[in-house]
Amino acid sequence: MRTRRLLWVFHWLVVGGEETEVRLLSRHLRPAWEIDVVVCLRRPGMPEQTHAQLAECGVPVDTTPCDLPDDEVVDHLARVIPGHDVVVASQGVPFVHPALARLEDRPPLVEHGGLVREAESGSKDGTDRYVGVCASIRDAAAARMPDRPHHALEIPSMVDLGEFDPGRRAAVRREWGLADDVPVLGWIGRLDRKKRVEDVLAAAALLAEGHPEVRWVLVGGPNFMYPEHADTLRDLATRLGLDGRVRWLGDRADVPRLLTGLDALVWLSEGEGMPHVLAEAGAACLPVVATPDNGAGQHLVHGRNVLFVPHRDPVAVAEALGRVVRSPALRRRLGRQLRADVEARFSVPAVLPRWRALLDELAPA
């Protein structure tokens with residue numbers, strides 16, 4: 001059986017669910033498939049973390065387009081695409097369709113969307129399949145493909161459960177200089193405005209009034225489009241009296257390990273798809289307090305595997321977190337149920353067959 005080649009085209013490489021998906025697919029699709037990556041845009045402040053992680057996985061990353069004007073990016077992709085059996089394009093990258101249009105014999109194109117606005121943008125005439133990480137994204141793409149809505153699919157981002165080892169908790173806590181019985185709450189993601197970290201900080205200040213023992217760990221670096229927002233958030237934390245209560249860890253490659261040191265995760269975003277960090281929290285058996293945003297509202301159930309809170313309501317967030325801090329039984333119940341649901345829906349054994357079926361349909365061996 002020949003090895004087929006998949007070209008994954010990113011608009012940019014930061015740190016997130018789509019980048020993790022490529023790493024896991026490269027690991028688990030071999031030897032049937034090999035994955036190459038092309039990145040089209042590079043700006044100051046973008047992390048190098050994913051570049052290094054893909055290199056460790058043996059995935060070649062072509063950054064040539066980052067130094068080219070737009071028309072030459074299309075030229076470059078038109079030269080690179082031939083020889084691949086399938087092309088996947090993420091983040092609404094605008095260069096792939098023009099490049100494919102130049103080819104007489106082109107491979108099938110799969111667009112992969114992590115946000116509803118990505119699915120709603122651009123023509124889908126040249127898109128053979130659209131993969132959304134949750135139902136709302138799939139449905140938005142299907143609406144753009146009215147003559148073939150069945151070509152819009154839902155495949156959630158997956159997690160490798162083997163990366164989450166609860167035995168690491170003691171070592172992580174030692175690094176933070178915190179005893180095991182100190183409640184530690186966390187947030188993980190890029191410091192984007194849509195992720196509403198200011199609401200996390202406001203809730204942290206309110207929670208501190210009744211639970212001064214609680215500590216916070218925030219993991220993630222600035223958004224390259226508006227890096228000044230990170231400084232705004234740090235200034236807000238100081239004004240709220242959170243200095244000494246909050247640790248800012250920046251971008252980290254060991255998120256599964258860091259999650260083992262937490263007692264709960266908070267996620268208050270607006271306009272996300274299916275935040276990958278929620279599946280990672282479940283893999284780590286953590287309870288989650290979250291807003292019912294798109295994929296979170298689709299896959300999680302209040303009181304069963306999550307405590308949902310309204311958008312932009314730090315008072316409700318602090319109240320929910322207070323319940324979590326005060327009740328070890330509630331933490332265990334929510335965390336164990338979320339772990340079970342992640343195993344069933346987001347683990348490699350649950351998700352990988354769906355990717356295999358799609359790729360085998362588009363490019364039979």
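**Charges, strands and rings**

Author: Let's start with arginine 42 and glutamate 48, whose side chains meet in a salt bridge at 2.8 Å, N to O. By salt bridge I mean a side-chain nitrogen of Lys or Arg within 4 Å of a carboxyl oxygen of Asp or Glu. Bear in mind that this is a predicted model: local features need pLDDT of at least 70, side-chain atom pairs count only at pLDDT 80 or more, and totals for chains, interfaces and linings use all residues. Residues are numbered from 1 along each chain as its sequence is written, and side-chain values use heavy atoms, with hydrogens and water left out.

Both partners are partly exposed: arginine 42 has 32% relative accessibility and glutamate 48 has 47%. The scale here is relative accessible area with a 1.4 Å probe and protein chains only: under 20% is buried, over 50% is exposed, and partly exposed is in between. Aspartate 254 pairs with arginine 252 in another salt bridge, with the closest N and O atoms 2.9 Å apart; arginine 252 is partly exposed as well, at 25%. Elsewhere, shared partners join the salt bridges of Arg169, Arg173, Asp180 and Asp263 into one network.

The structure holds 28 salt bridges. One of them brings together the side chains of aspartate 360 and arginine 4, at 2.9 Å, N to O. Aspartate 360 belongs to helix 15 and arginine 4 to strand 1, so this pair ties together parts that are 356 residues apart in sequence. (Helices, H or I with at least four residues, and strands, E with at least two, are DSSP runs numbered from the N terminus.) Aspartate 360 is partly exposed at 34%, whereas arginine 4 is buried at 3%.

Two strands pair if DSSP finds at least two bridges between them; strand 5 (residues 109-113) and strand 6 (residues 129-132) run parallel and are joined by 4. Valine 110 stands opposite arginine 129 in strand 6.

Tryptophan 8 and phenylalanine 10 form a stacked one, 6.2 Å centre to centre with 20° between the planes. Rings of Phe, Tyr and Trp (its six-membered ring) pair if their centres lie within 6.5 Å; planes under 30 degrees apart are stacked, over 60 edge-to-face, and the rest tilted. Tryptophan 8 is buried at 0%, and phenylalanine 10 is buried at 0% too. Tryptophan 187 and tryptophan 267 also stack, at 5.7 Å centre to centre and 10° between the planes. Tryptophan 187 is in strand 8 (residues 184-188) and tryptophan 267 in strand 11 (residues 264-267), so their pair ties together parts 80 residues apart in sequence. Finally, ring pairs link Trp8, Phe10 and Trp355 into a cluster.
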